[in-house]
Amino acid sequence: RNGAPWTRSNLKNHVLMAPKSAIAKTSGGKKKLSAYMKFAQKRRPELKAEKPELTFGQLGKTMGEEWRAMDEEAKAAYK
């Protein structure tokens, strides 16, 4: 084979893969949320009410800092 692997003649023999989202829908649904994601779902509305001026990125950064500062006992509540 010479040239690019995606030439028109090579493309007809190529099997296209389904997107990961389609695979997730057919293979039993979504994965369980991680402890951090459970924490974030609960904490985001609270933090947004406390500090409405924070952007989406700033909220994420603040929640990440809070999560890292938490001890394992406090994190266990979200597992």
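**Helix packing and the nonpolar core**

Read along the sequence, the chain follows the pattern α-α-α-α-α, and its secondary structure comes to five helices and zero strands, where helices (H or I, at least four residues) and strands (E, at least two) are DSSP runs numbered from the N terminus. The model is a predicted one, in which local features need pLDDT of at least 70 and side-chain atom pairs count only at pLDDT 80 or more, while totals for chains, interfaces and linings use all residues. Residues are numbered from 1 along each chain as its sequence is written, and side-chain values use heavy atoms, with hydrogens and water left out.

Of the 79 residues of the chain, 18% count as buried, a term that means under 20% relative accessible area, with exposed meaning over 50% and partly exposed lying in between (1.4 Å probe, protein chains only). Among contacts between residues at least 6 apart in sequence, 38% join residues at least 24 apart, a contact being heavy atoms within 4.5 Å.

Helix α3 (residues 35-50) and helix α4 (residues 56-69) pack at an angle of about 120°, and their axes are 10 Å apart; the axes are lines fitted to C-alpha atoms, for helices over the stretch in contact, and angles run from 0 to 180 degrees between N-to-C directions. The two helices α3 and α4 are therefore oblique to each other, since angles under 35 degrees count as roughly parallel, over 145 as roughly antiparallel, 65 to 115 as roughly perpendicular and the rest as oblique. On the side of α3, the contact is made by Ala35, Tyr36, Phe39, Ala40, Arg43, Arg44, Leu47 and Lys48, and on the side of α4 by Phe56, Leu59, Gly60, Thr62, Met63, Gly64, Glu66 and Trp67. Sorted by class, this contact of α3 with α4 has nine nonpolar, three polar and four charged residues; Ala, Val, Leu, Ile, Met, Phe, Trp, Tyr, Cys and Pro count as nonpolar, Asp, Glu, Lys and Arg as charged, and the others, Gly among them, as polar.

The largest nonpolar core has nine residues, namely Ala35, Phe39, Ala40, Leu47, Leu54, Leu59, Met63, Trp67 and Tyr78, a core being a set of buried Ala, Val, Leu, Ile, Met, Phe, Trp, Tyr and Cys residues joined through side-chain atoms within 4.5 Å. The elements that give two or more residues to this core are α3 and α4, and α3 gives the most, with four residues. Tyr78, a member of this core, is in contact with Ala35, Lys38, Phe39, Lys42, Trp67 and Met70 when its neighbours within four places in sequence are left aside.

Thr62, which lies in helix α4, is buried, with a relative accessible area of 18%, and touches Leu47 and Leu54, not counting residues up to four places away in sequence. Met37, placed in helix α3, counts as partly exposed at 39% relative accessibility, and its C-alpha atom is separated by 9.9 Å from that of Lys79, 42 residues apart along the chain. Leu33, found in the loop between α2 (20-26) and α3, is partly exposed with a relative accessible area of 41%. Leu33 and Lys79 are 9.0 Å apart in space, C-alpha to C-alpha, and 46 residues apart in sequence.
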